[in-house]
2 protein chains.
Amino acid sequence: MPEIRKDIFGGGWVIYSGKRIGRPNDYADFKVKCPFCPGREEETPPEILRWPKGKNWQIRLVPNRYPALTKEEIFLKPSCGLYEYAGGYGIHDVLVETPEHKGGFESFSIEKIKKIFEIYSMRCGEIKKEKNIKYAMVFKNVGKNAGASLRHPHSQIIGLPLIPSTVSWETEKNESFWEKNSKCLFCETIKNEIKIKSRIVYENSKYAAFCPFASRFFFEIWIMPKKHEPYFESPKNDFLALAYAVKKVFSALNRSVKDLSYNMIIHSAPCGEHPHYHWHIEILPKLASMAGFEWGSGFHINSLRPEEAAEILRKGKIFNFDKEEK
Amino acid sequence: MPEIRKDIFGGGWVIYSGKRIGRPNDYADFKVKCPFCPGREEETPPEILRWPKGKNWQIRLVPNRYPALTKEEIFLKPSCGLYEYAGGYGIHDVLVETPEHKGGFESFSIEKIKKIFEIYSMRCGEIKKEKNIKYAMVFKNVGKNAGASLRHPHSQIIGLPLIPSTVSWETEKNESFWEKNSKCLFCETIKNEIKIKSRIVYENSKYAAFCPFASRFFFEIWIMPKKHEPYFESPKNDFLALAYAVKKVFSALNRSVKDLSYNMIIHSAPCGEHPHYHWHIEILPKLASMAGFEWGSGFHINSLRPEEAAEILRKGKIFNFDKEEK
């Protein structure tokens, strides 16, 4: 039975799910037949939506066949005490981004990227209305270094019965900043980044993409709406302007970094009223030979400053990891 | 100039250090001549100590030639505001554990392991007496998946001008538990683990090794003194009993997991009076194809429960990652 346990020492959550064992991995096994390619639509559970309708779909949204969490599980309120846990209740979808076996935001059309973000947003809104769901998160793992198991371009949407620790921490920091300054920490950050310029990767009238001041990873990039908006699923978001930012950022990343592996995570306000939160996208590239002691140590060692990373990306320089960091 | 920046959203710290670029990596380049093998002692900065003295050393402690932090840097108090940072002031040593190019805690003698932990402990005590140092941490990265750059068995000791976020969080949790229960959270955990038995990997009169209830990683193991003790550098610690626990744990891990990559981190109380903290060792194995989205999401997905992991280790079963989790 899937289960969610709380790391009472570190504050994070761990989802235990036996269902994921046995799932296909075409990085480990080249004989794996891709379950996301056209003609194998029946290998995924019944579709939630396809766009456009009909045979020649461009995007499909399906339940994950190997879900980390499921609605079949009984919802248990997290217990309090030495061992905190909850039932493995939740929702876990897969968005197949294209019928092609390869590609990515760097090669997709603006229209397609806009549609993908509209579907993410629509589905997050739906998931957040489900009973006992407290959070909806979009994430995307690309490349073996980032833990991906299938090459076919896809992303995941997960509905959680709890608020992820990263979002709780951001919310706490932002609330205490708001109390002191009557301003949003994210709004202030983005204003400052635009003024300072050195960490900006791309900017349009609605969004800015920048390498954050304390980037944990080489070429870490955050994309943030310039205007305060707590919810990724808000109809006020301009996904056309976002599509331009996303395409530009991934084109720059793929130009500068060979064989890019990365995780992309969309952070949005939890269910309920969180007017001070500010949604944003975090892109965390995973370059080869990353250290791992950060999990236990509470600090990262990074030898590429975000100012240098942003300059490399803006100028379209090629970054040779083996030469720079070996 | 090295610099430490605070991730104000997530609470962690990032050390930026240009000096590490260009350091040798014998995982990436087989032509690299090992700087830790006998005969190349002059390739490390002047030795802090060797044991035993003379030509036939078994252990050497040296300053890191590619330090993340150095005492040459001016110490700056962390600034407060939107961007928090401090100078890259600190200490970064390397402990060469053996003259042999291979080996590990699973193959070292009990006497050698005891000596290694005595040197760790002695050096942490020294580092914590240095001006402006707030924390001393021992860590060890083994294998490419864990971010190691050299195969020769070695570990690292770092002196930091700040308290790592993991230790701050543990301290906060423990203090609030102490306030409510007048007991140490770690002491209660270890008592419970011994009672429940299912997550115990090894136990002797002084130490217990167990897979924690919310293990983030496959085969994650914590080794903890049974008796309350805040400081790893305390003379009260029994490093002979610890050596038996360490040897047993790494023998079990290496028997069950092929090509083990792991990070080991020793958590101890920060400088000053922290009577409620409880020092311990965290061993975080890094199995191939680990996901990476945990950094941004605030949760882990793990398909091997700690109860199963502990049983595999206790029974000496072989764990086939590719078969179990693909």
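A:E130 and A:K71 form a salt bridge in this predicted model, and the closest N and O atoms of the pair are 2.8 Å apart. Side chains of opposite charge can pair when their charged atoms come close. Over all chains, the count of salt bridges comes to 40.

**Between the chains**

Salt bridges also occur across the interface of chain B and chain A, where four are found. One of them joins the side chains of A:E307 and B:R5, with an N to O distance of 3.0 Å. The table lists this pair beside the one within chain A.

| Salt bridge | N to O distance |
|---|---|
| A:E130 and A:K71 | 2.8 Å |
| A:E307 and B:R5 | 3.0 Å |

Between chain B and chain A there are also 18 residue pairs in polar contact, both residues being at pLDDT 80 or more. On the side of chain B that touches chain A, the largest share comes from helix α3 (residues 185-196) of chain B, which gives seven residues. By type, the residues on this side of chain B are 39 nonpolar, 22 polar and 23 charged.

The size of an interface is often given as the accessible area lost when the parts come together. For chain B and chain A the buried area is about 7500 Å², and carbon and sulfur atoms give 62% of it. Chain B brings 84 residues to the contact, and chain A brings 84 residues.

Strands from the two chains pair as well. Strand β14 (residues 299-302) of chain A and strand β2 (residues 13-16) of chain B run parallel and are joined by four bridges. Within β2(B), B:V14 is the bridge partner of A:H300.

**How the copies are related**

Chain B is superposed on chain A by a rotation of 180 degrees, with 0.0 Å of shift along the axis and an RMSD of 0.0 Å. The two copies are therefore related as by a two-fold rotation axis. Both copies use the same surface for the contact, as 100% of the contact residues of chain B recur in chain A.

**Backbone details**

Most residues other than glycine have a negative phi, and most peptide bonds are trans. Which residues of chain A does a cis peptide bond join? They are A:W51 and A:P52, with omega about -10 degrees. A:P52 is placed in the loop between β3 (49-51) and β4 (59-63) of chain A. In chain B, the peptide bond from B:W51 to B:P52 is cis, with omega near -10 degrees, and B:P52 lies in the loop between β3 (49-51) and β4 (59-63) of chain B.

B:N132 is not a glycine, yet has a positive phi of about 65 degrees. B:N132 is found in the loop between α1 (110-129) and β7 (135-142) of chain B.

Definitions and conventions:
Residues numbered from 1 in each chain as written. Chains lettered and ligands numbered in written order. Predicted model: local features only at pLDDT ≥ 70, side-chain atom pairs only at ≥ 80, totals over all residues. Heavy atoms only, no water. Contact = heavy atoms within 4.5 Å. Buried area = accessible area lost by both parts, 1.4 Å probe. Polar contact = N/O pair within 3.5 Å; in protein donor to acceptor, adjacent residues only side chain to side chain. Nonpolar A, V, L, I, M, F, W, Y, C, P; charged D, E, K, R; others polar. Pairing = 2+ DSSP bridges. Least-squares fit on C-alpha atoms with pLDDT ≥ 70 in both.
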